[in-house]
Amino acid sequence: MNTTLKHIHERSSIRAYQPEALSPEETDLLKEAVLAAPTARNRQDLRYAFVTDPGLLEKIDERIFAFCDPDMQKNMDERKSTSFFYGAPLAVIISGKDTKWADLDAGIAVQTLALAAQSMGLSSVILGMPRLAFQKDDPDNCRDLLSLEEDERFCVAIAIGRAAAEKTPHVGNPDHIRIFD
Ligand SMILES: Cc1cc2nc3c(=O)[nH]c(=O)nc-3n(C[C@H](O)[C@H](O)[C@H](O)COP(=O)(O)O)c2cc1C
């Protein structure tokens, strides 16, 4: 198996991190990796907020918890986490103009970051829950904190850092492949 395939197979969502910050070199490599992700018609409409400020992540967490349903709250209790970023030293929040391609572009960008992190010996977890902190109709939303423009919306996020826990990658189901020979 080549190293790219190895990283694809070894990646797993990690939900506990060491507090140690990433080095500036590591952060730069991640920035360059996400900027290399393709976008539909090369529009490059996505924006990537690299957040290391714990105070900012706390404010976003607070707003997510305000809208978190009982099921998700139970999940978080089971995971023994008081943060949707699980203590990771870096969160990348991906936003974009509200176009039909934004979520596809963001999905590609976020997996590019996950695999780049994996290849650097780092771990990650992709995050959809932070969307609750950026709802336009919530007067206390966190949009201004990340300088989101009026026509921009949250797409997806990812927490990245050094793992403080292990998790076996999920098992893929071969039945989900449809063969047409
Ligand atoms: C679009 C998307 C959103 C996700 N949102 C969250 C989230 O908000 N919180 C979380 O802990 N995990 C989140 N996950 C991680 C999934 O739960 C995880 O990928 C899935 O359980 C499979 O596990 P694996 O990544 O370890 O293979 C998300 C994953 C994806 C692809």
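Residues are numbered from 1 along each chain in the order in which its sequence is written. Because the model is predicted, local features require pLDDT of at least 70 and side-chain atom pairs count only at pLDDT 80 or more, whereas totals for chains, interfaces and linings use all residues. Helices (H or I, at least four residues) and strands (E, at least two) are DSSP runs, numbered from the N terminus.

The model contains an open sheet of 4 strands in the order β1-β2-β4-β3, with antiparallel pairing; two strands are taken to pair if DSSP finds at least two bridges between them. Strands β1 and β3 stand at the edges with a single partner strand each, so one side of each lacks a neighbour in the sheet. From one strand to the next, the twist averages 20°. Angles run from 0 to 180 degrees between N-to-C directions, and axes are lines fitted to C-alpha atoms, for helices over the stretch in contact.

Strand β1 (residues 46-51) is joined to β2 by 6 bridges in the antiparallel sense, and V51 has A91 in β2 as its bridge partner. Strand β2 also pairs with β4 (residues 152-161), antiparallel, over 8 bridges; here K97 is partnered by E152 of β4. The antiparallel pairing of β3 with β4 comprises 5 bridges. In this pairing, L127 is bridged to A157 of β4, and V125 has A159 of β4 as its partner.

Burial was assigned from C-beta atoms placed from the backbone: a residue is buried if 20 or more other C-beta atoms lie within 10 Å of its own, exposed if 12 or fewer, and partly exposed in between. In strand β2 (residues 90-97), 7 of the 8 residues are buried. Strand β3 (residues 123-127) is likewise mostly covered, with 4 of its 5 residues buried.

Helix α5 (residues 102-119) lies across β1, β2, β3 and β4 and runs at about 10° to β4. The axes of α5 and helix α2 (residues 24-35) come within 9 Å and cross at roughly 145°. Contacts, defined by C-beta atoms placed from the backbone that lie within 7 Å, are made by L29, L30, A33 and V34 in α2 with A109, T112, L113, A116 and A117 in α5. This contact has 8 nonpolar, 1 polar and no charged residues. In these classes, Ala, Val, Leu, Ile, Met, Phe, Trp, Tyr, Cys and Pro count as nonpolar, Asp, Glu, Lys and Arg as charged, and the others, Gly among them, as polar.

The shell around the ligand consists of S12, S13, R15, V125, I126, L127, G128, M129, V156, K167, P169 and H170, where a residue belongs if its C-beta atom, placed from the backbone, lies within 6 Å of the molecule. By class, the shell has 6 nonpolar, 4 polar and 2 charged residues. Strand β3 gives the most to this shell, with 3 residues.

Residue D45 is found in the loop between α2 and β1. With 19 other C-beta atoms within 10 Å, D45 is partly exposed. Leaving out residues up to four places away in sequence, D45 touches T39, G96, K97, T99 and A102. Between D45 and E78, which are 33 residues apart in sequence, the C-alpha to C-alpha separation is 37 Å.

Technical notes: Contact = placed C-beta atoms within 7 Å.
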